[in-house]
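Please keep the sequence and the coordinates at hand while reading.

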Amino acid sequence: MNSTCWPDGVPATMPAQDRADIIELYARYAWGLDLADEEMLLSAFAEDAWFDHLWQGRVQGHEAILKNMHELWGERFHWWFGRQHVFNHHIMTPTEDGAAVRCFFQILQYNPEYKNNFVFGVGTREDKLVKRDGRWLFYSLYVNAWTSADEIPWKGARPPAKGPNKTKPASNS
């Protein structure tokens, strides 16, 4: 990672211009990812970046990232085509090496065969960013897609389960 991000010392809060630039980084990532634009997608990653994706695991470097994207864009075209990743509620923390960013995500899906839209997935992200040559880039990207209740980073007490997935007590009759 790069430690020259904050020449005057790590700020207590993210400066406004850096915050705006980071929001644009997420936009470049989404436009590249969702429209199979290799150049746009890779413009969001540092050369030595890695990401951990629920279905594909952890990969590192532009070549590995692109290989995984080709699998999604090509081999899973009908599963992928028409997706739109939405990122929101960013919490940005300046760090010695750049920034730690947490956010929520939603994946909206348009199905061209049925001509309808639906929410494909939701979850959280925990990313590490670096600033190189004046540009913010992803250094690490961690996708926490919620596929079960234990993946939701809930901080409060969890009440007993209710509803159709609740374990039913054994009958004594």
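## Aspartate 34

Aspartate 34 lies in helix α1, where helices (H or I, at least four residues) and strands (E, at least two) are DSSP runs numbered from the N terminus. The model is predicted, so that local features need pLDDT of at least 70 and side-chain atom pairs count only at pLDDT 80 or more, while totals for chains, interfaces and linings use all residues. Residues are numbered from 1 along each chain as its sequence is written, and side-chain values use heavy atoms, with hydrogens and water left out.

Aspartate 34 is buried (under 20% relative accessible area, with a 1.4 Å probe and protein chains only).

## The cavity

The structure holds 1 cavity of 30 Å³ or more, a cavity being a set of points on a 1 Å grid over the protein atoms alone where a 1.4 Å probe fits but cannot get out. The largest cavity has a volume of about 140 Å³, taken as the space filled by probe spheres set on the points.

Its lining (residues with an atom within 4 Å of a point) has 15 residues, of which Tyr29, His53, His85, Ile107 and Val143 lie nearest the centre. Two or more lining residues come from each of α1 (16–34), β1 (45–53), β3, β4 and β6 (135–145), and β3 gives the most, with 3 residues.

## The largest pocket

The largest pocket, with a volume of about 240 Å³, is an open set of points with protein on both sides within 12 Å along at least five of seven lines. Among the residues that line the pocket are His89, Arg102, Phe104, Glu126 and Lys155. At least two lining residues are supplied by each of β3 (83–95), β4 (98–111) and β5 (116–132).

## Overall make-up

The protein has 4 helices and 6 strands, and buried residues make up 37% of its 173 residues.

How values were computed
Buried < 20%, exposed > 50% of the residue type's maximum accessible area, 1.4 Å probe, protein only. Lys, Arg positive; Asp, Glu negative; His and termini not counted. Salt bridge = Lys/Arg side-chain N within 4 Å of Asp/Glu carboxyl O.
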